[in-house]
Amino acid sequence: MHQALKRALVSAAAAIPLATTAVAGVPGTAHAASTLGNGGFETGGTGTATPAGWSTYSAAGSDSASFTEAGGHGGSYRLTHYAASAYKVETYQYLSGLADGSYTLTAWVRSGGGQNSAYLALRNCGSAEQRTDLPVTPNGAWVRLVTPVRVTGGQCTISIVSDANAGNWINVDDVTFAPGSTGVAVRGVDVSTLKKSEDKGGVYKYADGTTGDALSILHANGANYARLKVWVNPADGYNTKARVLTMAKRAKALGMGLLIDFHYSDTWADPGAQTVPSPWSGYSLAQLESAVYDHTYDVLDALKAQGTTADMVQIGNEINGGMLWPQGSTSNWSNLAALLTQGAKAAKAVSGSTKVALHLAKGGDDAGARTFFDNAVARGVPFDLIGLSYYGYWHGPLSDLQTTLDDLAARYGKQVFVAETANAFTLANNDALENNLATAAQLQAGYPATQAGQAAGLRDVLNVVEAVPNGRGLGVFYWEPTWTAVPGNGWNPADPASGDAWENQALFDYSNKPTAATSWLRHR
């Protein structure tokens, strides 16, 4: 299950046992109810050590670490775990008389970070225990988390747990427990550079040091989707239709889903560059429309013909400012809408079941995303999914990502997903080119450049996507987990000597073994 990594990182000795006390440190049996009570912690007011409906268990010396105080998310009060010295505390409710079935715990949380562990848990429910770890929220904003469980036997214990160091704190509020389930259907990896890495001598290993196929290693760790970018006429001959066909066979042979990412360029397309591919240079708008349709159809039809039909397709990559500049810039939305529409029509002409996504960068920019999609919808651009890139060290705190995902999903009635995310497992360099994430000052608070920090980054993005209401959080793609520092596999397709600025964010470390973050590809 998706909490395997946390259980590996936190020793059994640090875990807090399930309490059976109504008052910290005093033996007894917790009062059972059939519905969760006082989820807003409003009963009792400031300083209540054991809020009505809840019980508290604490390790020796931690009796005062759980209490209510003013400043709630939805009401006047919240639950807080805090102490000036190290503490272990659990605030919980035991429910009985439940109808068997699927349930979801929802809670709004904040955390200053630094704990050995801080999480929501559903345990003793007749199925495997489920946990969701609290993210660090340095901006003080609340984040909504969910935890699903299957109840068999009519009972379940809802727990809020802290194993903390001196001065660490969490806030929890507006807790609910209701029928329903959640999950993350897509746990993907962008392996666009993998074939070139292999051809240039790249090596990948399992955790035991055995050499293996990188895609198989990622799949064995839980990845169920592959993302592959397509360039039109790249200088190095990679990321072409032929290369994509080869990689698609490998992904589908493993039973993985397939997302094809059309850049409509010969090189990287992103918010700073959307360069017309060389074969289309000088084209009129009408010619570009035809080229987009024909290129999209050609690649997708070839995939279908070999039995590897694309499950999802991106019409453009990080197109905040449009694509195929200057003709398809957002400064002329009618042109951009025409180009996007041609790409979407081509995809559906090949396979009506292929989901069409529009993909923006800046996952924390809700206002910018609204502007883009309002324009797309107003001009009738057809699409099924909304994809966002989210790199926390560039795009802001998790609360901003959650705001954007929730708003777009509700406003447009579409499923949303994180098309790209990554974090560093080290600040050390492994080639001559300085990395994009190179200094401690660049790091997002709560996510150090360690294997544990990288793992927490992926975990928390998955948890935020899972929490999108109404099942509209589709999934997450980790960006370029196999782009390790291999000579000849640099960023510039026209320069064989160019380096890799992302190797410290790959999911293979400098000994070519999977980093701890790969375990989160098994997220529920």
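Two strands pair if DSSP finds at least two bridges between them. Helices (H or I, at least four residues) and strands (E, at least two) are DSSP runs, numbered from the N terminus. The model is predicted: local features need pLDDT of at least 70, side-chain atom pairs count only at pLDDT 80 or more, and totals for chains, interfaces and linings use all residues. Residues are numbered from 1 along each chain as its sequence is written, and side-chain values use heavy atoms, with hydrogens and water left out.

Start at strand β7, residues 117-123. Seven of its seven residues are buried, meaning under 20% relative accessible area with a 1.4 Å probe, protein chains only. One side carries Ser117, Tyr119, Ala121 and Arg123; the other carries Ala118, Leu120 and Leu122. Both faces are covered.

Now look at the partners of β7. Strand β10 (residues 156-164) runs antiparallel to β7, joined by seven bridges. Leucine 120 has isoleucine 160 of β10 as its bridge partner. Strand β8 (residues 130-133) is also antiparallel to β7, with four bridges. Six residues lie between the strands in the β7 and β8 hairpin, where asparagine 124 takes a positive phi near 55 degrees.

Next, the helices. The axes of α5 (residues 285-305) and α6 (residues 333-350) come within 8 Å and cross at roughly 25 degrees. Axes here are lines fitted to C-alpha atoms over the stretch in contact, with angles from 0 to 180 degrees between N-to-C directions. The two helices are therefore roughly parallel, a label for angles under 35 degrees. The contact (heavy atoms within 4.5 Å) includes Leu288 and Tyr293 of α5 and Leu339 and Ala346 of α6.

Conventions. Angles under 35 degrees count as roughly parallel, over 145 as roughly antiparallel, 65 to 115 as roughly perpendicular and the rest as oblique. Buried means under 20% relative accessible area, exposed over 50%, partly exposed in between (1.4 Å probe, protein chains only).
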